[in-house]
Amino acid sequence: MMKSILYVILSGLIQVTVSAREAAADGTVEAIVPTAKKPFPVPTDPAAKKLLQRQINEYMALPPAQVQAHPAAVNFPGVVPAGSSRVDKTVTFQGGKKRWQSTGLYANAGEIVTVIPGGKLPAGATAEIRVGCHTDRLFREEIRQWKRFPLITRTFPLQAGPTPVASAFGGPLFISVNPGKSAAGDDFQFQLRFTNAVAAPFFVLGETSVADWSKSRSAPAPWGELAGRNMILHFPAAQVRELADPTALLEWWDRVVAAEDELVGWPLRTEQERVVPDRQISAGFMHSGYPFMCGLTSAPLITDLEKLKAEGSWGFFHELGHNRQSKAWTFPEQGEVTVNFFSLYCMEKIVGRATGAGHPALAGEKLFKALDRRLGDPPSTAPFDQLAPFVVLLQKFGWSPMQQTLASYQTAPIDAKAALETREAEFVRRYSRNAKADLTGFFKAIGYACPDSLCAELKSLPPFNLNDWRKAHAPAGKS
């Protein structure tokens, strides 16, 4: 069906009348070539925006044989230098891992990589091939301009025979496995051969030798990858071409992930977290998820071990924390509050800051001002004002009660859909028991439900007196 759209392209404002399929054919989608300095304006007309999104989705779903490199690929995520060699490599994958499994290979923009199974998957199991790690789609209503093409990753189901895969933007190659109802469960391995791929800088902790890395770090792909036991780091390849040995860096990141898992009582993990920097992400300065995303301006910090050791990264710790939050102990308007337990924990346990330290918003006298705002009338719900009472508890009781309380939800879960008052009261009960103090008065003051029955249950414990704490911790001349 023919539709008229008023559409902004780089050459100016023009009137075009095209169908979605014709638009891809005549170059409308190829005309979207944004850069960081010259973003592409998203159409403001709802119908035009909807049609353009459909055109983009169709363009990015073209069969591999019809895929060509998009003009924007050279700017982001980048293309393989001319004359670079292609490789033929066989990689072994695990059936029990549902998250992306890395290959250390890259598909150049517009080129077909053929994936050839070394045998059959167990009956009921399936797998898919992913091209690209920049998974954010930039179609949210709030996004008014594109600093990169809005959709640059693709996935392909693995076929029984050779599977051709291609993307107009290229990207690192991954495999995701779904064991389904396989008779083998998730305890199987399988091999895939990749032809016409490009080697990427790739290091696996405990597997890649320093000698092998000295060769791999010069591989021609524009994006590289360092894989630890708990964390996988992505970055523009040029960022690590001079990195002699990634071992200490990955060990540091592994400690961060392990610390955050420890805080909530998670068991030893079998799959890693991932961080991917992007030219433009779908929301915020960073956001959580798999992978968790940050802007390119944050990319240098990912591999700057000395700075990470000295200063940490509140933002990285924060986004990893979001991946561990639970509604069992995170209540309305606390999404950006309880997540900072993880930032505080890592700032102390990994970086070596004092208990409750690590962010300037709560440093020194600011902590007391934030506490006053939280206990004011009306009480402040700003994230750091809500965090201030928990800093008080951490400085009074240390981390043990908090860790025990959060971990208790793994062994004694509470229905996250239970009434809010029930969940709040249960948190107060568990934390008070672990702190060996009656904290009902304190939690009541910050708005938690503390029914009479709970107050009666905990009254045999010594009460916590906030005024005494203030006198002991207030800066000179303050209380």
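Pro-77 lies in the loop between helix H2 (46-59) and strand S4 (87-94), where helices (H or I, at least four residues) and strands (E, at least two) are DSSP runs, numbered from the N terminus. The peptide bond leading from Phe-76 into Pro-77 is cis, with omega near 10°. This is a predicted model, in which local features need pLDDT of at least 70, side-chain atom pairs count only at pLDDT 80 or more, and totals for chains, interfaces and linings use all residues. Residues are numbered from 1 along each chain as its sequence is written, and side-chain values use heavy atoms, with hydrogens and water left out.

A cis peptide bond also joins Tyr-290 and Pro-291, with omega about -5°. Pro-291 sits in the loop between strand S17 (286-287) and strand S18 (292-295). Most residues other than glycine have a negative phi, and most peptide bonds are trans.

Strand pairing comes next; two strands pair if DSSP finds at least two bridges between them. Strand S7 (residues 126-131) runs antiparallel to strand S11 (residues 171-178), and six bridges join them. Within this pairing, Val-131 stands opposite Leu-173 in S11. S7 also pairs with strand S9 (residues 154-157), in the antiparallel sense, over four bridges. Here Arg-130 has Thr-155 of S9 as its bridge partner.

A further open sheet has six strands in the order S13-S14-S15-S16-S18-S17, with mixed pairing. Strand S13 (202-204) and S17 stand at its edges, each with a single partner strand, so one side of each is left without a neighbour in the sheet. For S13, the pairing with strand S14 (residues 223-227) is parallel and covers three bridges. Phe-203 has Leu-226 in S14 as its bridge partner. Helix H4 (residues 247-264) packs on this sheet and touches S13, S14, strand S15 (231-236) and strand S16 (273-278), contact meaning heavy atoms within 4.5 Å. The direction of H4 makes about 125° with that of S15. Axes are lines fitted to C-alpha atoms, for helices over the stretch in contact, and angles run from 0 to 180 degrees between N-to-C directions.
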